[in-house]
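Subject: Structure for you to look through

Dear colleague,

Here is the structure I promised to pass on to you. Please open it beside this email, and then read on for what was found in it.

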Amino acid sequence: MSKIHAAITAVHGYVPDYVLTNQELETLVDTNDEWITSRTGIKERRILKGEGLGTSDLAVPAVQALLKKRGIGADELDLIIFCTTTPDMVFPATANILANKIGAKNAWGYDLSAACSGFIFGLATGSQFIESGKHKKVLVVGGDKMSSITNYQDRATCIIFGDGCGAVLLEPNDEGNGIIDSILKSDGSGVSYLHQKAGGSVRPASHETVDNREHFAYQEGQAVFKFAVTNMADVAHEVMERNGLTSDDVAWLVPHQANKRIIDATARRTGLSDDKVIINIERYGNTTNGTIPLCLWEWESKFKKGDTLILAAFGGGFTWGSIYLKWAY
């Protein structure tokens with residue numbers, strides 16, 4: 001009997017209308033377009049505007065379009081894994097809020113928090129529910145409203161992040177396509193370099209934490225860059241090596257969109273030419289959990305059934321990982 005793999009059978013994404021350009025950022029902090037572009041590759045990012053809107057509001061249009069594309073109803077979903085760093089609330093899970101908004105009455109769900117590696121972790125986790133035979137339709141969502149935790153007085157971070165969301169549907173496949181292998185890693189010693197200081201149980205919200213602007217993402221750029229540029233590249237190479245893949249075997253590298261220089265380093269480590277590397281960081285910035293599914297959505301029409309894709313990410317925590325999958329349609 002053929003082994004069952006979890007295959008992506010539909011993908012869709014959503015980004016807000018508002019475009020925050022480098023030129024607008026020049027009016028907020030001491031920076032300029034040339035400096036941002038040369039160091040990150042980012043030209044603009046999308047921002048979710050409007051009172052009372054959260055990460056689930058980015059997910060709803062992405063998921064509704066995905067379901068329409070696949071020709072199924074929300075009530076057919078078994079499980080929703082919502083990968084996010086910016087949940088609507090501390091509790092309940094944004095997965096449950098999303099399920100209610102789209103009418104997924106038969107799905108259970110939970111949030112997965114692994115910073116920028118969250119979507120990779122979520123895909124690997126969701127695949128286990130498919131491979132076990134437990135579920136037939138698993139929705140994996142990656143999305144963040146990073147503008148909600150971005151300090152627009154901090155030029156080290158405000159140039160990087162944007163808002164966006166993507167989602168994929170996982171279903172069983174017995175043709176040899178789908179998620180073939182994954183390598184997932186974490187190292188908690190990196191916590192001091194990339195974190196949000198307040199808002200958790202250690203430092204609950206108070207007048208002091210708000211006055212000190214501690215509810216925003218904090219990053220020591222150089223330290224994070226050194227870890228990311230090595231580990232994201234190494235883990236992508238490792239998953240290829242473990243499966244006997246050469247650069248000729250790989251159709252596409254789908255890297256987390258954090259920094260163009262980190263993407264370039266990963267491409268070099270895997271021996272892949274620029275025309276095989278998916279990049280949209282110049283238009284969306286770093287949408288954290290949204291980057292990889294947004295890339296899959298934008299490049300979907302270029303994928304061919306059986307194409308080998310290597311996904312790779314690095315995030316705060318530190319977390320990092322890579323997935324080897326074969327495109328199923």
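Which residue's side chain meets that of glutamate 214 in a salt bridge? The partner is arginine 203, with 2.8 Å from N to O, where a salt bridge is a side-chain nitrogen of Lys or Arg within 4 Å of a carboxyl oxygen of Asp or Glu. The pair links distant parts of the chain, since glutamate 214 lies in the loop between α6 (207-211) and β10 (217-219) and arginine 203, eleven residues apart from it, in the loop between β9 (194-196) and α6. Helices (H or I, at least four residues) and strands (E, at least two) are DSSP runs, numbered from the N terminus.

Before going further, please keep in mind that this is a predicted model, in which local features need pLDDT of at least 70 and side-chain atom pairs count only at pLDDT 80 or more, while totals for chains, interfaces and linings use all residues. Residues are numbered from 1 along each chain as its sequence is written, and side-chain values use heavy atoms, with hydrogens and water left out.

**Salt bridges**

Across the whole structure, a search finds 15 salt bridges. In the pair described above, glutamate 214 counts as buried at 11% relative accessibility, whereas arginine 203 is partly exposed at 28%; buried means under 20% relative accessible area, exposed over 50%, and partly exposed in between (1.4 Å probe, protein chains only). Another salt bridge joins lysine 260 to aspartate 264, with their closest N and O atoms 2.9 Å apart. These two residues are four residues apart in helix α8 (residues 260-270), so they are separated by about one helical turn. Lysine 260 has a relative accessible area of 29% and is partly exposed, and aspartate 264 is also partly exposed, at 23%.

**The sheet and what packs on it**

An open sheet of five strands has the order β1-β7-β6-β4-β5, with mixed pairing, where two strands pair if DSSP finds at least two bridges between them. Because β1 and β5 (108-112) stand at the edges with a single partner strand each, one side of each is left without a neighbour in the sheet. Strands β6 and β7 run antiparallel and are joined by eight bridges, and within this pairing glycine 143 has cysteine 165 of β7 as its bridge partner. Helix α3 (residues 55-70) packs on the sheet, touching β1, β4 (79-83), β6 and β7, and its direction makes about 120° with that of β1. Helix α10 also packs on the sheet, where β1, β6 and β7 are touched, and its direction makes about 85° with that of β1. Axes are lines fitted to C-alpha atoms, for helices over the stretch in contact, and angles run from 0 to 180 degrees between N-to-C directions; contact means heavy atoms within 4.5 Å.

Helix α10 (residues 291-299) is mostly covered, with seven of its nine residues buried, among them Ile292, Leu294 and Trp299. What covers these buried residues includes α5 (118-131) and β12 (308-315).

**Two packed helices**

Helix α7 (residues 221-242) packs with α8 at an angle of about 30°, and their axes are 8 Å apart. The contact is made by residues including Phe225, Met232 and Met240 of α7 and Ile262, Ala265 and Arg269 of α8.

With best wishes
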